[in-house]
Amino acid sequence: MGAEVVIEGLTKSFGKQAIWRDVTLTLPPGEVSVMLGPSGTGKSVFLKSMIGLLKPDRGKCVINGVDIVRCSEHKLYETRKLFGVLFQDGALFGSMNLYDNVAFPLREHTKKSETEIRRIVLEKLEMTGLAGAEKKLPGEISGGMRKRAGLARALVLDPEIILVDEPDSGLDPVRTTYISQLFLDVNAQIDATFLIVTHNINLARTVPDNLGMLFRKELVMFGPREVLLTSEEPVVKQFLNGRMDGPIGMSEEKDSATMAAERAMFEAGHHAGGVEEVVGIPPQMQPAPGVPERQGARRRKDRVMKILHTLPPAAQQGILDSLSPEDRRYYGIGEQHSTVGARRGQLPTEDVAQLPDGGGWREPQSTQSHPTQRLPRYDQGTS
Ligand SMILES: Nc1ncnc2c1ncn2[C@@H]1O[C@H](COP(=O)(O)OP(=O)(O)OP(=O)(O)O)[C@@H](O)[C@H]1O
Ligand SMILES: [Mg+2]
């Protein structure tokens, strides 16, 4: 199973420039999480901080009991081996063919024989749909193939955590969906914990189990996808609809005067761009036929049902609506919680989930609250 990543109060600045502060969230093991945020909000800095390439000013990032913010160089080196990272452009060596690119971490970090390396490299190339392309140079293949090769390389050391930076950059929408499918398939096959940072709305709507957003130097929210997808928080709504109307401006944010002037303009009929407001929660993409079921998705269902009563009503309803009849029986959900109706938002204040003992994912111990937190973060249980 993938590793859990517990981040508490993580804060990063460069000199006087604060990037983000007091970021607290937990990446549940084997689940797929997406972090959204306008350009320049520090998403890439966040990923680099998670693997210790950049040093946060304070806070913790704990993986398998090791806080990578404070640990020794040796521990950091060891812990980094748990990560597979897919950088924005694939970060392949231009002069090496795909085979050697993918073999590189194995030759560098292990003592495996070339026969063993060959087996692993061909397996990962096959897994990422690149069988037969091993002799190609990065410059000879499309952007989508380069990303898949980057993913193949990220997989060779059997990572427990996979970090992905802007998988859609430079890809058309169809190729973006294909690479999203690949992430879910890989997640199903190896049960690694995924964190994908992106500003791609389609990907955010349909791929992850959990969704978060960085804005104004803070983590606005992080929690089950249903929480953000039904959120009334202006910045989240604006972002998910890709419109000009809202707090996010041309550079990072708008002052209130600009916001009011623009509001008047949109009310007078100027198109705010983006799509028509999307409401509701689209179905989540599933692993391709023939690929095993995602264990992370199964654990997430248990986890989310345990914290259901702590979530906003619209998110609760979205989660209940996504349950199959078997799930409903398993979790002891009666008909009165079935669809939108009089009882919407009036779910029991007790745990609704009746889980078998020992099953499911355990909530981490709740952490101290952070004074700068603007909204509750629903990743923490209440126990
Ligand atoms: N090594 C560094 N030294 C100083 N400032 C940095 C460094 N790396 C990033 N920054 C600054 O941190 C801020 C956040 O950058 P980052 O690249 O993380 O944003 P991002 O959210 O990934 O943006 P995008 O969506 O455009 O990729 C930027 O203002 C950038 O200039
Ligand atoms: Mg970036």
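A crossing of two helices is left-handed if the near helix is turned anticlockwise from the far one by less than a right angle, and right-handed if clockwise. The model here is predicted: local features need pLDDT of at least 70, side-chain atom pairs count only at pLDDT 80 or more, and totals for chains, interfaces and linings use all residues. Residues are numbered from 1 along each chain as its sequence is written, while chains are lettered from A and ligands numbered from 1 in the order in which they are written.

Let's start with two helices (DSSP runs of H or I, at least four residues, numbered from the N terminus). H3 and H5 cross in the right-handed sense. Their axes, lines fitted to C-alpha atoms over the stretch in contact, with angles from 0 to 180 degrees between N-to-C directions, come within 7 Å and cross at roughly 30°. H3 and H5 are therefore roughly parallel to each other (angles under 35 degrees count as such).

Here are the residues in contact (C-beta atoms, placed from the backbone, within 7 Å):

| Helix | Residues | Contact residues |
|---|---|---|
| H3 | 98-109 | Leu98, Asn101, Val102, Phe104, Pro105 |
| H5 | 143-155 | Ala149, Ala152, Arg153 |

Now look at the sheet. Six strands (DSSP runs of E, at least two residues) form an open sheet in the order S6-S7-S8-S3-S9-S10, with mixed pairing; strands pair if DSSP finds at least two bridges between them. At its edges lie S6 (83-86) and S10 (218-224), each pairing on one side only. S9 (residues 210-215) runs antiparallel to S10, joined by six bridges. Met213 has Met221 in S10 as its bridge partner.

Note on methods
Angles under 35 degrees count as roughly parallel, over 145 as roughly antiparallel, 65 to 115 as roughly perpendicular and the rest as oblique. Two residues are in contact if their C-beta atoms, placed from the backbone, lie within 7 Å.
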